[in-house]
Amino acid sequence: RLLCNLALQSSDLTTIKVTWKKDNETIIANNTIANKKENQNILSDQHHCTPWQGSSSCQFQVRNTTFKANFLNCFCLFLVPAVEGKEKPIISYEGDSVVLICQSANYTPVEWVWYMSNGNAVSSFQMNDKYEVTGQHTNKTKLKVQKILEKDGGWYHCQAVFKLGESKGKVNIKVLSYMVPLKPFFAIAAEVVILVAIILLYEMYSKKKQTPIDEKEFEQIEQL
Amino acid sequence: MKPASGRFTTKSFFTQRIVNLWNLLPEEAVKARLGNLTARYGARPVVMTGGVFSGLGLLLASFATSLAHLYLCIGLFSGFGWALVFTPSVASVARYFKKRRTLATGLAFTGVGLSSFAFSPLFQFLVDTYAWRGALMLVAAMSFNLVVCGALIRPLALKEDLAGPGCLHLLSHWPFMRYVFAITLINTGYFIPYVHLVARTRELGFDEYQAAFLMSVAAVADLCGRLFSGWLADCGAFRLLHILVAWTSLTGISLVLIPLGQGYPLLATIATCYGFFSGALTPVVFSIVPEIVGIGNIFGSLGLLQMIESIGGLLGAPLSGWLRDTTGDYTASFVAAGAFLLAGTLVLLTLPNFSSWRCLSWAPLPSQGCPLLLLVGRGPVCVPPGQDES
């Protein structure tokens, strides 16, 4: 995208003609911008999808004066499609299989490369019983890690290689051992046992203290 | 008692509902037997055992390696446990309270609404932190607290308690069976919004947050309805049967009106009404049973009622899904649900003594601590046949 910016101090509120040229060939001629406010910069920009080299120029004509700007060695920026990984960590337990998914919208990359957080390229791993990559040439790739261990946790990077560039996404795995949920489980189970014991013991204790007041209590409850 | 929710990849709503509710089948199958068990051993051991089973089922499910394993654990074990917990608990409330039975039942049922609220974000948090396995494990631990609740149910000996056989003699109690039939019809339509309202909202084009908000609003209305109904019923100004008929017909009407809610405010209003009325009928459904069969038969009758009414619940959602599949949208489903409710209402009208109570006009109303009646002052007072007005 090429941008031309003309700063004009004139109070002249006439129309201004803009001409864009590439290598002296006119692309857009006499693109008029009318009635700009005083002291406002005049902007004109040019969008192109094909790359070009060489020079191009934009030209502003205000009444009888011509302002010209030259661009040398223009280049275009190519936007590669973003790769979607997953922001929320995937939680799994030791021994489970985990599938990591990366997607690249509607654009199919030439290939996918998976990296682990410490920089090893996973797709070149020979450990076929542990790692499996599917969807190498589609817009959705999956990395399946079997029998995952705690040390396998961390960030996994997927890199989509396009003709014109590369794009990365990342997925986080958190590997927990079974002890992690078991601790609160036992805590709650212990609480249950303690409460039940308290309730039953209190009842036995108060029954010993009770005499014929027993039946009257039940009748009262009945009338509630 | 709401159907379990799950995630399925099949597009057919009918299949979804069948698979969802298959979980409930074993639970319902045991409910009739429970009347027997509870009458013999008392509510406390049964509820405590139920608590153990429900927690155990969820715990075993957390180790599941296949869908079938999950179904068996949650459906069979936990389902069995929940069945053991529910009926004796409701029956115990009915036994402990006589004058304020409906309000007590309504209050007891508010637990359902409150836990729904608390549990949705809590479960999401558990899944995010511990994945589904850990989450199930912790939910199992929380379920074990049902044992604590069971321990709190002190045994009560009433003079009407029968030492006799369980519940089978109730099958020949004709008014009770008519009541069960009415409630079964009502149950068929009752759960439809719980399974289909969110989908209906999405179908109209609203997003998932709007749909979830709708359900929350209905849940709040449900809670209010339960409490209000309990309080109103115990005021004593109206017969429980009349109150029940009023709530069920209003629920049926609001169900039929749901398809008319095309815009979000209107749909939200109708959903709120549905929530309120459906909540209102719940405590009355249970507290009216001792009036029909006597408090001595409460365990057996509630068990039988639960078992047979759940046939309606099990059939209702798949039927609704099938209607959706064949007609293309949910209009027919909701109208059918409302129709079932109104049909149940009609059966309720056939119950004995529905209209044989004599209602006098403009006598001073017995207030029984009900400020509403104090305000009104004078109104229709109904007495059962054979009793003179005081």
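**Notes on a predicted two-chain model**

Colleague: Where does Lys147(A) sit in chain A?

Modeller: Lys147(A) is in the loop that links strand E11 (140–145) to strand E12 (154–161) of chain A. Bear in mind that this is a predicted model.

Colleague: Is Lys147(A) buried or exposed?

Modeller: Lys147(A) counts as exposed because its relative accessibility is 61%, and the cut-off for exposed is over 50%.

Colleague: And what is the phi of Lys147(A) near?

Modeller: The phi of Lys147(A) is near 50°, which is positive, and the residue is not a glycine. Most residues other than glycine have a negative phi.

Colleague: Which residue in chain B has a positive phi although it is not a glycine?

Modeller: Ala131(B) is one, with a phi of about 60°. Ala131(B) belongs to helix H6 of chain B, whereas Lys147(A) is in a loop.

Colleague: Buried or exposed, for Ala131(B)?

Modeller: Ala131(B) has 10% relative accessibility, so it counts as buried. The cut-off for buried is under 20%.

Colleague: Staying on chain A, which residues does the UniProt "transmembrane region" annotation cover?

Modeller: According to the UniProt record, an unreviewed entry, the annotation covers residues 184–202 of chain A. In the model that stretch is 100% helix and 0% strand, and its end C-alpha atoms are 27 Å apart.

Colleague: Over to chain B. How many helices and strands does chain B have?

Modeller: Chain B has 16 helices and two strands. Chain B has 390 residues, of which 52% count as buried. Taking contacts between residues at least 6 apart in sequence, 78% join residues at least 24 apart.

Colleague: Back to H6. Which residues does Thr105(B) touch?

Modeller: Leaving out residues up to four places away in sequence, Thr105(B) touches Val93(B), Pro283(B), Phe286(B) and Ser287(B). Thr105(B) lies in H6, residues 101–143 of chain B, and is buried because its relative accessible area is 3%.

Colleague: How do the axes of H4(B) and H6(B) cross?

Modeller: The axes of H4 (residues 43–61) and H6(B) come within 8 Å and cross at roughly 170°. Angles over 145 degrees count as roughly antiparallel, so H4(B) is roughly antiparallel to H6(B).

Colleague: Which residues meet there?

Modeller: From H4(B), they include Gly51(B), Gly55(B) and Leu58(B). From H6(B), they include Trp132(B), Leu136(B) and Ala140(B). By class, that contact has eight nonpolar, four polar and no charged residues.

Colleague: Which classes of residue are in the contact of H9(B) with H15(B)?

Modeller: Geometry to begin with: the axes of H9 (residues 192–203) and H15 (residues 331–349) of chain B come within 11 Å and cross at roughly 155°. That angle makes H9(B) roughly antiparallel to H15(B), and the crossing is left-handed. H9(B) uses Ile192(B), Pro193(B), His196(B), Leu197(B) and Arg200(B). H15(B) meets them with Thr331(B), Ser333(B), Phe334(B) and Ala337(B). The contact divides into five nonpolar, three polar and one charged.

Colleague: Last pair. Within what distance do the axes of H8(B) and H12(B) come?

Modeller: Within 13 Å, for H8 (residues 174–190) and H12 (residues 264–287) of chain B, with a crossing of roughly 150°. These two helices are therefore roughly antiparallel, and their crossing is left-handed. Among the residues in contact are Tyr179(B) and Ile183(B) of H8(B) and Tyr274(B) and Leu281(B) of H12(B). The contact has seven nonpolar, two polar and no charged residues.

Methods. Residues are numbered from 1 along each chain as its sequence is written. Chains are lettered from A and ligands numbered from 1 in the order in which they are written. This is a predicted model: local features need pLDDT of at least 70, side-chain atom pairs count only at pLDDT 80 or more; totals for chains, interfaces and linings use all residues. Side-chain values use heavy atoms; hydrogens and water are left out. Helices (H or I, at least four residues) and strands (E, at least two) are DSSP runs, numbered from the N terminus. Buried means under 20% relative accessible area, exposed over 50%, partly exposed in between (1.4 Å probe, protein chains only). Contact means heavy atoms within 4.5 Å. UniProt positions are given in the numbering used here, feature names are shortened, and annotations may be inferred rather than shown by experiment. Axes are lines fitted to C-alpha atoms, for helices over the stretch in contact, and angles run from 0 to 180 degrees between N-to-C directions. Angles under 35 degrees count as roughly parallel, over 145 as roughly antiparallel, 65 to 115 as roughly perpendicular and the rest as oblique. A crossing is left-handed if the near helix is turned anticlockwise from the far one by less than a right angle, and right-handed if clockwise. Ala, Val, Leu, Ile, Met, Phe, Trp, Tyr, Cys and Pro count as nonpolar, Asp, Glu, Lys and Arg as charged, and the others, Gly among them, as polar.
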